[in-house]
Each structure stands twice: as structure tokens, then as C-alpha cells.
Amino acid sequence: MPPRPLSTTGRIFAAAAFFEALTWAGLLIGMLLKYGTQTTELGVWFFGRLHGVAFLVYLAVSLFAWIRLRWPLWAVLVALLAAIPPLVTIPVEMWFRRRGLLSASRD
């Protein structure tokens with residue numbers, strides 16, 4: 001069965017999940033530079049702020065998608081919890097896409 005096209009809300013969720021993971025990766029690299037090599041604090045300074053914004057945007061988009069796409073309660077809880085460990089929003093987004101939770105038929 002071919003995958004269903006993403007809804008507008010699904011595309012926004014996918015973008016927010018990617019941006020949140022990207023900023024997590026930047027923050028991890030920044031922490032490596034700050035604490036591992038002790039070369040610069042700039043990565044933590046920059047990506048720490050950027051990740052804070054991305055985290056809040058991802059949470060807001062997840063709640064919006066829950067309402068707009070009529071997700072079950074378990075789905076929004078998984079989406080919200082995925083923002084806590086590094087880089088987990090990407091596999092969750094891929095899983096939601098496969099399950100059809102981001103599809104146009106739900107929007």
C-alpha cells in the first residue's frame with residue numbers, strides 16, 4: 001500500500017521534529033567542543049538557545065497536531081516524550097508517518 005500524502009499539519013510536525021533533532025545534534029557537538037576538547041563555548045551558547053526555541057516549538061506543534069489530526073492520547077504522549085532524549089523526534093516522526101498519523105485524511 002503506498003503511503004498517504006502528508007497533511008499540512010503533518011508536514012509542519014515533520015519539519016519541527018527535524019529542526020528539534022538538528023538543534024539537539026548541534027548542542028551535542030557544542031558540548032563536545034566545550035567539555036571534551038575544551039576549545040570553545042560558542043556551540044553550547046548558540047545551539048543551547050536555538051534548541052530551547054526548537055524544543056518549545058516542537059511541543060506546541062505536537063499539541064496542535066494532536067488536536068488538528070485527532071491523534072489518540074498515546075500518540076501525543078509519545079510525541080511529547082520524544083523531545084526529551086536526543087534525536088528521538090526523527091524516528092517518532094517516521095513511525096507516525098508509516099502509521100498514517102500525519103496523513104491528509106486525518107487533517
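Threonine 23 is buried, at 1% relative accessible area (buried means under 20%, exposed over 50%, partly exposed in between, with a 1.4 Å probe and protein chains only). This threonine sits in helix 1. Leaving aside residues up to four places away in sequence, threonine 23 touches Phe47, Leu50, His51 and Ala54 (contact means heavy atoms within 4.5 Å).

The model is predicted: local features need pLDDT of at least 70, side-chain atom pairs count only at pLDDT 80 or more, and totals for chains, interfaces and linings use all residues. Residues are numbered from 1 along each chain as its sequence is written, and side-chain values use heavy atoms, with hydrogens and water left out.

Now the overall fold. The chain has 4 helices and 0 strands (helices are DSSP runs of H or I with at least four residues, strands are runs of E with at least two, and both are numbered from the N terminus). From the N terminus on, the order of elements is α-α-α-α. Along the principal axes, the C-alpha atoms fill a box of roughly 50 × 25 × 20 Å. The chain has 107 residues, and 35% of them count as buried. Take the contacts with a separation of 6 or more: 68% of them join residues 24 or more positions apart.

Next come the helix pairs. Two packed helices are described by the angle between their axes and the distance between the axes. Here the axes are lines fitted to C-alpha atoms, for helices over the stretch in contact, and angles run from 0 to 180 degrees between N-to-C directions.

Start with helix 1 (residues 8-36) and helix 4 (residues 89-99). Their axes come within 8 Å and cross at roughly 160°. That angle makes helix 1 roughly antiparallel to helix 4 (under 35 degrees counts as roughly parallel, over 145 as roughly antiparallel, 65 to 115 as roughly perpendicular and the rest as oblique). The crossing of helix 1 with helix 4 is left-handed (the near helix is turned anticlockwise from the far one by less than a right angle; clockwise would be right-handed). Helix 1 brings Phe13, Ala14, Ala17, Phe18, Glu20 and Ala21 to this contact, and helix 4 brings Thr89, Ile90, Glu93, Phe96 and Arg97. By class, the residues of this contact are 7 nonpolar, 1 polar and 3 charged (Ala, Val, Leu, Ile, Met, Phe, Trp, Tyr, Cys and Pro count as nonpolar, Asp, Glu, Lys and Arg as charged, and the others, Gly among them, as polar).

Helix 2 and helix 3 pack at about 170°, with axes 10 Å apart. Helix 2 is thus roughly antiparallel to helix 3. Tyr58, Leu59, Ser62, Leu63 and Trp66 of helix 2 meet Leu73, Val76, Ala79, Leu80 and Ala82 of helix 3. This contact of helix 2 with helix 3 has 9 nonpolar residues, 1 polar and no charged ones.

Helix 3 also packs on helix 4. The axes of helix 3 and helix 4 come within 9 Å and cross at roughly 155°. The two are therefore roughly antiparallel to each other. Their crossing is left-handed. From helix 3 come Trp74, Ala75, Val78, Ala79 and Ala82; from helix 4 come Thr89, Val92, Trp95, Phe96 and Arg99. The classes in the contact of helix 3 with helix 4 are 8 nonpolar, 1 polar and 1 charged.

What of the loops? Arginine 70 is in the loop between helix 2 (42-68) and helix 3. Its phi is positive, about 55°, although arginine 70 is not a glycine. At 66% relative accessibility, arginine 70 is exposed. The loop between helix 3 and helix 4 holds leucine 87. Leucine 87 also has a positive phi, about 65°, and is not a glycine. At 38% relative accessibility, leucine 87 is partly exposed. Isoleucine 84 lies in the loop between helix 3 (73-82) and helix 4. Isoleucine 84 is exposed, with 54% relative accessible area. From isoleucine 84 to glycine 100 is 16 residues in sequence and 23 Å in space, C-alpha to C-alpha.

Last, the record. The unreviewed UniProt entry lists residues 12-33, 45-67 and 73-96 as "transmembrane region" (positions follow the numbering used here, feature names are shortened, and annotations may be inferred rather than shown by experiment). Residues 45-67 are 100% helix and 0% strand, with end C-alpha atoms 34 Å apart. Residues 73-96 are 75% helix and 0% strand, with end C-alpha atoms 13 Å apart. The UniProt annotation "domain: DUF3817", also from an unreviewed entry, covers residues 11-98. Over residues 11-98 the chain is 83% helix and 0% strand, and the end C-alpha atoms are 14 Å apart.
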